[in-house]
Amino acid sequence: MVSIVKQPPTTALAVADLRHDSSHFFRRRITLPPFPSTTMPSSCFFSRLSLKPLCVSSSPRGLGLRSRDDWREFRCEAYEADSSDNVAAQAEETRPAAAQKLKIGIYFATWWALNVVFNIYNKKVLNAFPYPWLTSTLSLACGSLMMLISWATRIAEAPKTDLDFWKALFPVAVAHTIGHVAATVSMSKVAVSFTHIIKSGEPAFSVLVSRFLLGETFPVPVYLSLVPIIGGCALAALTELNFNMTGFMGAMISNLAFVFRNIFSKRGMKGKSVSGMNYYACLSMMSLLILTPFAIAVEGPHLWTAGWQTAISQIGPHFIWWVVAQSVFYHLYNQVSYMSLDEISPLTFSIGNTMKRISVIVSSIIIFHTPVQPINALGAAIAILGTFLYSQAKQ
């Protein structure tokens with residue numbers, strides 16, 4: 001028996017009884033009137049019914065028919081009422097997904113571009129003004145001021161926080177402060193590309209800390225991905241023309257500090273409803289309070305004054321713009337990265353972070369004319385490839 005339902009303008013029901021004996025065959029076609037509009041209330045939650053083709057078949061054995069002459073075949077087909085309307089409905093469904101992909105793409109492009117600009121201006125400032133503690137402090141102070149103004153003018157909605165929130169944020173801020181200062185110290189001593197090559201080894205620190213301090217275990221591919229990361233970083237460090245132990249140790253300490261920052265952040269922010277933008281703003285403010293007294297103790301106003309006058313005399317008024325630019329772009333690129341983390345999975349974020357390092361390394365080599373040996377470039381490529389493999393194996 002074959003049943004066919006097709007609508008609109010009318011509903012046709014065709015029934016055919018097919019027996020393998022040709023003497024027993026009949027076919028009936030019944031035309032039904034269209035569904036009246038009054039049968040569907042105006043408050044109905046849908047305006048049209050669209051049915052896609054559906055085929056249902058049953059075997060003779062499933063129907064309990066044993067004889068070949070006794071079995072019948074059942075086929076039901078439903079056709080869409082209006083294919084053009086269905087295409088339009090599907091297009092409407094795909095628009096939010098396409099908009100989400102476009103939004104994530106804009107986040108990534110902005111994140112990478114801001115990070116590249118920050119690293120360029122940060123290196124320019126440190127070359128003329130070798131005081132990384134004050135430079136780090138100015139970056140946090142600028143971001144904190146920007147967010148306070150945004151909250152006061154209601155450009156951004158201020159977060160609703162309590163004492164428990166700030167208690168949970170404190171260890172995160174301590175780790176963030178150490179990592180930020182250590183990375184700035186590193187870039188004041190070595191090339192930007194070298195700092196980021198060493199910082200691409202952060203996944204190795206994450207696995208080792210989680211394994212030996214937290215007791216977490218990982219699949220074998222995760223451990224295997226650490227081999228190219230560690231090997232690539234070691235090869236790049238051994239072949240670096242401008243190697244400096246302080247710069248190398250600064251990058252290593254930064255890796256370790258940011259691993260603890262991520263661990264403390266996951267533990268402390270469970271159940272907290274604060275957006276990525278506001279979370280990083282609060283993190284910057286607390287880090288600023290932590291860093292300021294240490295910056296004064298390590299470097300102090302006397303060194304800052306003398307260094308500032310020297311930089312102005314050598315660079316001119318452009319130096320002030322460099323300081324402002326590196327401070328503003330530091331906050332913006334971190335803010336966008338936290339905002340993108342609200343929209344994407346950790347795997348996508350880690351891949352984006354890997355691509356960010358590639359863009360920074362390549363751009364800094366081009367802009368600052370950093371001499372790179374082929375073996376050094378090979379080490380960087382191996383380390384970055386290992387980071388990518390790690391992000392895949394971790395999932």
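Is R154 buried or exposed? Hi everyone, let's start there. R154 is exposed, because its relative accessible area is 77%, and exposed means over 50%, buried under 20%, and partly exposed in between, using a 1.4 Å probe and protein chains only. R154 sits in the loop between α2 and α3. R154 also has a positive phi of about 60° although it is not a glycine. Most residues other than glycine have a negative phi.

A quick word on the model. It is predicted, so local features need pLDDT of at least 70 and side-chain atom pairs count only at pLDDT 80 or more, while totals for chains, interfaces and linings use all residues. Residues are numbered from 1 along each chain as its sequence is written, and side-chain values use heavy atoms, leaving out hydrogens and water.

You'll find H369 in the loop between α11 (346–368) and α12 (374–393), and at 66% relative accessibility H369 counts as exposed.

Now the overall picture. The chain has 12 helices and 4 strands; these are DSSP runs numbered from the N terminus, with helices being H or I of at least four residues and strands E of at least two. Of the 395 residues in the chain, 41% are buried. Take the contacts, meaning heavy atoms within 4.5 Å, between residues at least 6 apart in sequence: 80% of them join residues at least 24 apart.

Next, helix α8, residues 276–298. Its 23 residues reach 32 Å from first C-alpha to last, close to the 33 Å expected at 1.5 Å a residue; that expected span is 1.5 Å times one less than the number of residues. There is a kink of about 30° at L291, shortly before the proline P293. The bend is the angle between axes fitted to the seven residues ending at a residue and the seven starting there. After α8 comes G300, with a positive phi near 90°.

UniProt, in an unreviewed entry, lists residues 276–298 among its "transmembrane region" spans, and 220–239 is another one of them. Such annotations may be inferred rather than shown by experiment. Residues 220–239 are 95% helix and 0% strand, with end C-alpha atoms 30 Å apart.

What about the inside? The largest nonpolar core has 31 residues, and those touching the most other members include W151, F165 and Y333. A core here is a set of buried Ala, Val, Leu, Ile, Met, Phe, Trp, Tyr and Cys residues joined through side-chain atoms within 4.5 Å. The largest share of this core, 10 residues, comes from α8. A second, separate core of 13 residues includes A128, L134, A311 and V323.

Last stop: aromatic rings. Rings of Phe, Tyr and Trp (its six-membered ring) pair if their centres lie within 6.5 Å, with planes under 30 degrees apart called stacked, over 60 edge-to-face, and the rest tilted. By this rule there are 15 aromatic pairs. In one of them, F129 and F319 have ring centres 6.0 Å apart and planes at 55°, so the pair is tilted. F129 lies in the loop between α1 (83–128) and α2, and F319 in helix α10 (residues 318–341), so the pair ties together parts 190 residues apart in sequence. F129 counts as buried at 3% relative accessibility, and F319 is buried at 0%. Together with Y131 and W308, F129 and F319 form one aromatic cluster.
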